[in-house]
Amino acid sequence: MIAYITIGTNDMTRARAFYTAFLPALGYDFSQGSDGLSFALPVAEGEVPTAPDVYVKHPFDGAPAAAGNGVMVAFQADTHAQVRALHAAAVAAGGTDEGAPGFRAAYSAGFYVGYLRDPQGNKIALFSSNPDEPSRDG
């Protein structure tokens, strides 16, 4: 299990606008401290987390943050409509469209995905594979 994901930024203000545009809508609680942004899914007392926390911070080594080539973080939404809405909100909050929400021929018929870059250039995916929604095949 992945316990947490850390995403580097050089501009905390822009990163906050981008990530708060969609992560709270996916159920993540948000907090900000002196070391950066923290997003965590609520966990009932006595339960073990099943999804990773997400942290957005300045790099620990003090060097500038840079996007990793081939690195992408994907967040699961409930519906196609939620993917579209959150993709639009993230673009409006300073992200860059890297692929409009929709089905892709290379993926399974039920995988609906939109791609973004955050203000730092990190690649983000928002997807839904809800079996109750239409697939690419119908």
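Of the 23 residues in the largest nonpolar core, those touching the most other members are Tyr-19, Phe-22, Leu-23, Leu-26, Phe-75 and Ile-124. Such a core is a set of buried Ala, Val, Leu, Ile, Met, Phe, Trp, Tyr and Cys residues joined through side-chain atoms within 4.5 Å. Two or more residues each come from helix H1 (12-20), strands S3 (36-40), S4 (53-57) and S5 (72-76), helix H2 (80-92), S7 and S8. H1 gives the largest share, four residues. Helices (H or I, at least four residues) and strands (E, at least two) are DSSP runs, numbered from the N terminus. In soluble globular proteins, nonpolar side chains tend to be buried together. Leu-23 touches Tyr-28, Phe-39, Val-54 and Phe-75, not counting residues up to four places away in sequence; contact means heavy atoms within 4.5 Å.

The model is predicted: local features need pLDDT of at least 70, side-chain atom pairs count only at pLDDT 80 or more, and totals for chains, interfaces and linings use all residues. Residues are numbered from 1 along each chain as its sequence is written, and side-chain values use heavy atoms, with hydrogens and water left out.

Asp-118 lies in the loop between strand S7 (112-117) and strand S8 (123-128). Asp-118 is buried yet has no salt bridge. Buried means under 20% relative accessible area, exposed over 50%, and partly exposed in between (1.4 Å probe, protein chains only). A salt bridge places a side-chain nitrogen of Lys or Arg within 4 Å of a carboxyl oxygen of Asp or Glu. The Asp-118 side chain instead reaches the backbone nitrogen of Gln-120 at 2.9 Å and that of Gly-121 at 2.8 Å.

Asn-122 counts as buried because its relative accessibility is 13%. Its side chain reaches the backbone oxygen of Gly-8 at 3.2 Å.

The structure holds three salt bridges. Asp-35 pairs with Lys-57, the closest N and O atoms being 2.9 Å apart. This pair links distant parts of the chain, 22 residues apart: Asp-35 is in the loop between strand S2 (29-33) and S3, and Lys-57 in strand S4. Arg-117 pairs with Glu-98, with closest N and O atoms 3.6 Å apart. Arg-117 lies in S7 and Glu-98 in strand S6 (residues 96-103), so the pair ties together parts 19 residues apart in sequence. Arg-136 and Asp-137 meet at 4.0 Å, N to O. Asp-137 counts as exposed, at 64% relative accessibility.

Terms used:
Lys and Arg count as positive and Asp and Glu as negative; His and the chain ends are not counted. A polar contact is a pair of N or O atoms within 3.5 Å; within protein, one must be able to donate a hydrogen and the other to accept it, and residues adjacent in sequence count only if both atoms are side-chain atoms.
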